[in-house]
Structure formats: C-alpha cells, structure tokens
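Please read the points below beside the sequence and the structure.

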Amino acid sequence: MKKHNYSAGPCILPQEVFEKSAQAILDFNQSGLSILEISHRSKDFVAVMEEARALVLELLGLEGKGYQALFLQGGASLEFLMVPYNLMKTNGKAAYLDTGTWANNAIKEAKLFGETVVVASSAAQNYNHIPKDFSIPTDADYFHCTSNNTIFGTQMKSFPKTTIPVVCDMSSDIFSRTLDFSQFDLIYAGAQKNMGAAGATLVVVKEEILGKTGRVIPSILDYQKHIKAESMYNTPSVFAVYTCLLTLQWLKKQGGIAAIEKINEAKAHLLYSEIDRNSMFKGTAAVADRSFMNATFLLVNPELQESFDKMWKAAGISGITGHRSVGGYRASMYNALPLESVQALVEVMQEFESVYSNESQLAQ
C-alpha cells in the first residue's frame, strides 16, 4: 500500500519525479552514465542547472527584474550566516521578526555580525501566532522574516512594507502560493519541502543589494562569487539540483503556483475544518495565522494517543507525529501531497471520534 506521506521534510515529491530521477541514476539522458557520476561541467548537467535557475525566476514572476537564482549547499542554516555576511554593513544593524525555531536560529547568527534588533517575537506564547503591528527601523541594513514556521504551524499571510531590503526564509512554503515575490530582495529555501531532494539550497537575490557591506567576505560565502560562477563556484549537489529541475517542471505542468495554490487551499480547508469540527482534536496555532503547509493539532484527551496512533498507522498514514516543541500531531501538506491523502486522514479522525468520543467524555 502506498503511504500517505505527511513528513515535514525531507518529504513527499511527485511520483513522476521519483520515476525520472530513478531512471537518471541508471542512465542519464541515454548517455550510458548515471547522473551520480557525470561531470558537473558536462554539457548535460550545465543544461540542467541553467534550466532550473531559469524556471525558478519564471515561476516566481521575477524574470527580467534584476534577480539571480542560485543553487547552493548548506541548507537554510548556512543562509542564516550568509545573509548578514553579505548584507549587514560593517558596524551595521539588521532587523528580525522572531516567529519560530528557525527564525531564532537566524537571529543568533546575525548577532555575530552586528546589532540585531528583534522587532517582535511570539516566543512567550510558544510561537502559536505571527506578531502584528511592529515597526521596522529604517536605518537597518535589511529586515528578515520567515514566511512559514514548520514546527509551530504558523504562516505569514502578509508582509510588512518597508524602505529597507526584505529577506525571507521560505524553506517550507516556497512555490506553494501566489505572492508578489518582487517585494522581497532576497529569498532563500532548503529544497527538501516543495522543491526537491535534500542537499540543495535555493537563493533568489536582487543583484543591486550586494557588494555594499564594506566587509571582506570569504569566497565560498559570497553571493556575488556564486552569481559570477553561475552556481558552479564549487561542485554543486548534482542529483539534488536535478530533482529540483524535475519538480519545477512538474509544477509548471500543473499550471504553476496559481494552480497549486488552489489545491493547497482545498487541502488545508478540508483538514482544518475537521480539526475544528471534531470533538477529539484542537488546533495549536492561532486561526488567523494557520499554515497551509503544516497543520498542528492535539488530542483533547492525550490518554487516547496510543489508540489514535494505531488507527492512522493502519490506514497507511506516515509522518504526522508532532515536533517535540509542540507535541501532538503535525500534518505537512506540501505541493505533492494529493487531496486524497488529506481525505484519508480526515476519515481516520472521524472514525476515531465515532469509536472513542464517549470514552473521552467519561475521562473528562
């Protein structure tokens, strides 16, 4: 039985991506060589890199707007370091919005480079909402935010207007919803959610914001060096970039971001409606800030956890155990997760209620 894969990342990818990438491991482009063994400088792979970078800008609507797409390594965690290295001036200042674990980790790295102002934080409420009505210092070198918080199930529905460059970590919701991506001067994302296999990191940066820090940047951490080398400054993650290309091609065939957004909205509505209706469950994130990618919820009666776990596992559902920071359950509904998988989880939740609702009421 095919599993309903709700893993938070690395996570589900489209079936055709699995099939094409598996074939490429055996024989890439009928070359008689595996994608795993070809030169990254070969004509075949250079074409992969060029198309992947071009597709990123096309899908985000950033073609011809002064942006460059880079495929790097080190995950979003390395970008926590590279962003201040490349954007914070010597004796400069940066502004950060603290909405979760990864945002907090980014703040820690920025503090190594200069004054780091946390404009707002939801840490005191265990990151169950997105702070609102904060002010961004206009003398900061950039403002950094995290669009979707995988662990806590919250998502920014709008972004503040400011005159300084805006940086956004979109690791867990990039390519999932329509936005005016030109409002961001730098976007970065680990590939392993909506984009491909773990091992590649996407950076989309507006070139005009670079080269203004006055600091010496180590070459491997310098965005300008990577742009000049067309993402080939060092050996790229060949297989990870190839799966990104396949996933981007798949997304374009679906109708692009606008088309996948409608499916993602339908999945989220289906699951959240059941969480709110079902007497056995309760959501953890503020309703206004609920993520369309990661739904977090708890059992009203935690003593029934073993019983619920048996039911969803028997239904072929995988990966919904919540992060230890929140507990309970987390259903990650990335682009490639079909609506049928969400329906399968909802049906298990309904069955669970029908079997155990009386027992739960007695326990209360």
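The numbered points take up the helix and then the salt bridges.

1. The model is predicted, and the remarks that follow should be read with that in mind. In helix H3, which covers residues 75-87, the length is as it should be: at 1.5 Å a residue its 13 residues should span 18 Å, and the end C-alpha atoms are 18 Å apart, which agrees.

2. H3 as a whole is mostly covered, since ten of its 13 residues are buried.

3. Turning to charged pairs, the count of salt bridges comes to twelve; side chains of opposite charge can pair when their charged atoms come close. One of these salt bridges joins Lys20 to Glu16, with the closest N and O atoms 3.7 Å apart, which is inside the 4 Å cut-off. Because Lys20 and Glu16 are four residues apart in helix H1 (residues 15-26), they are separated by about one helical turn. An α-helix has 3.6 residues a turn, so residues three or four places apart point the same way.

4. How exposed are the two partners within H1? Lys20, at 38% relative accessibility, counts as partly exposed, and Glu16, at 23%, also counts as partly exposed, a residue being called buried when it is under 20%.

5. Glu16 has a second salt bridge, to Lys253, with an N to O distance of 2.9 Å. Since Glu16 lies in helix H1 and Lys253 in helix H6 (residues 238-254), this pair ties together parts that are 237 residues apart in sequence. Lys253 itself is exposed, with a relative accessible area of 54%.

6. Another salt bridge links Arg290 with Asp276, their closest N and O atoms being 2.8 Å apart. Arg290 lies in the loop between strand S11 (281-283) and strand S12 (294-299), whereas Asp276 lies in helix H7 (residues 256-277), so the pair ties together parts that are 14 residues apart in sequence. Arg290 is buried, with a relative accessible area of 10%.

7. Finally, salt bridges that share partners join Glu16, Lys20 and Lys253 into one network.

Technical notes: Residues are numbered from 1 along each chain as its sequence is written. This is a predicted model: local features need pLDDT of at least 70, side-chain atom pairs count only at pLDDT 80 or more; totals for chains, interfaces and linings use all residues. Side-chain values use heavy atoms; hydrogens and water are left out. Helices (H or I, at least four residues) and strands (E, at least two) are DSSP runs, numbered from the N terminus. The expected span of a helix is 1.5 Å times one less than its number of residues. Buried means under 20% relative accessible area, exposed over 50%, partly exposed in between (1.4 Å probe, protein chains only). A salt bridge is a side-chain nitrogen of Lys or Arg within 4 Å of a carboxyl oxygen of Asp or Glu.
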